[in-house]
Amino acid sequence: MTDAELPAGVERREIDGETRLATRGPPVYGEPTADGWRAWDPGRSKLGGMFELGFETGLSGGETVLYLGAASGTTVSHVADFAGPTYAVEFAPRPARDLVEAADPRDRLFPLLKDARTPERYAHVVESDVDAIVQDVATRGQAAVAVRNARFLADDGRLLLAIKARSEDVTAAPETVFEGALDRLREAYEILETGRLDRFHEDHLGVVATPR
Amino acid sequence: MSDTDDDAAEGWFASGSPAGTEAAGGDGALRARIAAGEADEPRDWPGLAVDSGFAESRDDYYDRLHEASVTATREAVRERERADDKQLVHAVRAMDDCERTANELAERAAEWAGSLFDGAEPGIEGARAVAERDPDGELERRAVSLAARVVDLAAERDALAETIERTAPAVAPNLAEMAGPELAARLIALAGGLETLAKKPSGTVQVLGAEDALFAHLSGRAPSPKHGIIYTHEYVRNTRPEDRGSAARALAGKLTLAARVDHYSGERRETLHEELRERMATIRARAESGNAGAADDTEGDA
Ligand SMILES: C[S@@+](CC[C@H](N)C(=O)[O-])C[C@H]1O[C@@H](n2cnc3c(N)ncnc32)[C@H](O)[C@@H]1O
């Protein structure tokens, strides 16, 4: 169903009798595995959903990545499996505890207990000119977080963003929320592609953007 | 100093020793910098670290960053979760204050409302009815407004209870599962924190909250209390009186272990919960076998 190419290190593999998106690495959350490949469930991962839906992510494998809203490491562990150095920012201690365990066996995954709204607090660790920012924070002010973190992104880098409508405003129509967020994003980014992730994640918009 | 050194000065590795002089990442100062450092703008830290001699190569740099970030974040998580136990203590104390104040104020509001309106009922529910009335004149307005404050306080108490339900399992997963979130929070509050609770002997945990009774006992005026606040736990309350001492001792023993696991490792430990269930089944089986009054106080700490 997808025309966009998957990055090197992400493949469709036969796992438990089904063809599934997968990466190679130590298992993290009890996902099914086969021959060292771990199934990547698009229903549990916005980025996985974006791959399944054929977004042009610009990722080809081996990139330097800044991941915002890493939670317990479900998605970012797959990212670290196919990307290069991967910085994972999460501000809640509980999920960060699991994130640390996911990062421990991955030597290019760097967990950071930080608030994505204050990049100064991790700019002394996260390098400049990363190739991609992946963001899934699902809290109010999602576009503002992406704008503030634009300083980390290389000029030709990609922002891969999931916006959850209900995190901004539970009463407003998702379309209205998305429009507002995209307007805010345009302060720092040029929008390359947008699409609803509803097949996997209700009321979420996937966005691919690049710095202006 | 070269420009490169100036630039590198803001990096997390600035205080670190050069490559090869010590175990990579095994440096407390580096971890502290990751946790507390800042920089206005990101830079090519891997390149600067190599130029400044901190790392031999980019690969070496990333190895050291991995080690330091995993350790620093693990420590930061522990520290934050420990700090969260203090928040839980505030929440549970605030909840009790709200409840007590709401009840006190409800009495006053009911008394006043009774003098103004027919059929005013006492208690929070009474206040709720009064708060919905349309007041007429300044005095009625005040009485109705006072009743509304009572309703607000009661709602705040409920909201605090919900917060405790949600946060206690994050602060102390085993203790919250075993005791229920509210009792877990109360035990932590009575001890003054999760760490102090984890360090108490189980005999003390058993009588936490029964300080008055314990004092009476120590001054020779009363028998030693068998349980403190853990009396509210189903395992104690719903055990027949002659077995309550054993039940309280078994429960306190496991609660103490749960607090220790929560403080020192933070992981859920199923065996603890199983062991307690089995122990309780044994104690309760005594009642069924008609073995009345057996063995209270002859059991060791479970
Ligand atoms: C929907 S979850 C992310 C799930 C994750 N991306 C995955 O697929 O595995 C959102 C996470 O973002 C975190 N978060 C929200 N606001 C944040 C902020 N300002 N800084 C860092 N993390 C944040 C939340 O604590 C939560 O763990």
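Begin by selecting Gly69(A), where a backbone N or O atom lies 3.0 Å from a nitrogen atom of the ligand, a polar contact in the sense of a pair of N or O atoms within 3.5 Å. This is a predicted model, in which local features need pLDDT of at least 70 and side-chain atom pairs count only at pLDDT 80 or more, while totals for chains, interfaces and linings use all residues. Residues are numbered from 1 along each chain as its sequence is written, chains are lettered from A and ligands numbered from 1 in the order in which they are written, and side-chain values use heavy atoms, with hydrogens and water left out.

Next, select the side chain of Tyr67(A), which has an N or O atom 2.7 Å from a nitrogen atom of the ligand, and then that of Asp136(A), where the corresponding distance to a ligand nitrogen is 2.9 Å. Taken alone, the ligand exposes 600 Å², of which the protein buries 86% (accessible areas by the Shrake-Rupley method with a 1.4 Å probe).

Now show the whole shell, that is, residues with a heavy atom within 4 Å of the ligand: 18 residues surround the ligand, and Tyr67(A), Thr75(A), Glu90(A), Asp115(A) and Ala116(A) are the closest.

Finally, move to Phe51(A) and Phe82(A), whose ring centres are 6.3 Å apart and whose planes meet at 75°, so the pair is edge-to-face (centres within 6.5 Å, planes over 60 degrees apart). Because Phe51(A) belongs to helix 1 (residues 46–52) of chain A and Phe82(A) to helix 2 (residues 74–82) of chain A, the pair ties together parts 31 residues apart in sequence (helices being DSSP runs, H or I, of at least four residues).

Methods. A polar contact is a pair of N or O atoms within 3.5 Å; within protein, one must be able to donate a hydrogen and the other to accept it, and residues adjacent in sequence count only if both atoms are side-chain atoms. Rings of Phe, Tyr and Trp (its six-membered ring) pair if their centres lie within 6.5 Å; planes under 30 degrees apart count as stacked, over 60 as edge-to-face and the rest as tilted. Helices (H or I, at least four residues) and strands (E, at least two) are DSSP runs, numbered from the N terminus.
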